[in-house]
Amino acid sequence: MNVTTTRFGEIAVEEAKIITLPDGMLGFSEKRFVLLTPQNITPFCWLQSVENPELAFVVVDTKECAPDYAVKLTAEESEKLCVNAGDEVVLLAVVTMASDPFDITVNLQGPIALNPKRMLAKQIVLEGSRYTTKHPFFDQAARSKAPGKRSASGEVTAA
C-alpha cells in the first residue's frame with residue numbers, strides 16, 4: 001500500500017507494518033500508523049498516520065532515554081493490546097524536539113505501548129506517576145560531558 005506523507009512524500013508500506021491504535025492518540029481521531037525510521041535521525045522514528053499525511057509524531061523507544069523506565073499495564077490495557085504474560089511490549093515516548101539537543105524532551109507520562117506481534121498500540125496516561133511530559137532526553141551525565149556547558153542564564157560557554 002502507498003502512504004502519502006508531507007515529510008517523506010509517497011512511500012510504499014507493507015500492510016503487516018501498519019500499527020492500529022484503536023483509541024487513537026490523545027486529541028486525534030486517526031487510528032492507523034506506521035513507524036518510519038529515516039537513517040539520519042537515529043534513534044528517533046516517525047509515527048506517521050496512514051490516514052492523514054500531515055500527522056506524524058517523533059517517537060523514541062524509552063530504552064534510549066530512560067533505561068529503567070517501566071509501566072505496569074492494567075488488565076484492560078493488556079486486553080486491548082492482546083498482550084499475554086511474557087509477551088513483548090515496546091514503550092515509545094513522544095518527543096518534543098528543540099534546536100539545542102540538550103533541550104529535547106520526551107513524554108514519559110503518556111507513553112505508547114506497542115504489541116509488535118499484533119501491531120496493536122495504545123497511548124497510556126500514567127496518573128499520579130513520578131514521570132512527566134517533559135522528561136529530558138539526555139541525562140545530566142551526558143550534559144556535563146558536552147563540549148560547551150550552559151551558564152545559569154542559558155547561554156553556552158566554552159568548556
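Colleague: Which residues touch the most other members in the largest nonpolar core?
Modeller: This is a predicted model, where local features need pLDDT of at least 70, side-chain atom pairs count only at pLDDT 80 or more, and totals for chains, interfaces and linings use all residues. Residues are numbered from 1 along each chain as its sequence is written, and side-chain values use heavy atoms, with hydrogens and water left out. A nonpolar core is a set of buried (under 20% relative accessible area, 1.4 Å probe, protein chains only) Ala, Val, Leu, Ile, Met, Phe, Trp, Tyr and Cys residues joined through side-chain atoms within 4.5 Å. Of its 30 residues, those touching the most other members are Phe44, Val60, Tyr69, Val95, Val106, Leu108 and Phe137.

Colleague: Happy to follow Phe44; which residues is it in contact with, leaving aside its neighbours within four places in sequence?
Modeller: Contact means heavy atoms within 4.5 Å. On that basis, the partners of Phe44 are Val58, Val59, Val60, Val95, Met97, Ile104 and Phe137.

Colleague: Thanks! Is Ser49 buried or exposed?
Modeller: Ser49 lies in strand E5 (residues 45-49), strands being DSSP runs of at least two residues, numbered from the N terminus. Its relative accessibility is 0%, so Ser49 counts as buried.

Colleague: Which backbone nitrogen lies 3.0 Å from a polar atom of the Ser49 side chain?
Modeller: Leaving aside neighbours within four places in sequence, Ser49 is in contact with Val3, Glu30, Arg32, Phe33 and Leu55. The backbone nitrogen at 3.0 Å from its side chain belongs to Glu51.

Colleague: And how many bridges join E4 to E5?
Modeller: Two strands pair if DSSP finds at least two bridges between them. Leu35 has Leu47 in E5 as its bridge partner. E4 and E5 run antiparallel, and the number of bridges joining them is 4.

How values were computed
Buried means under 20% relative accessible area, exposed over 50%, partly exposed in between (1.4 Å probe, protein chains only). A polar contact is a pair of N or O atoms within 3.5 Å; within protein, one must be able to donate a hydrogen and the other to accept it, and residues adjacent in sequence count only if both atoms are side-chain atoms.
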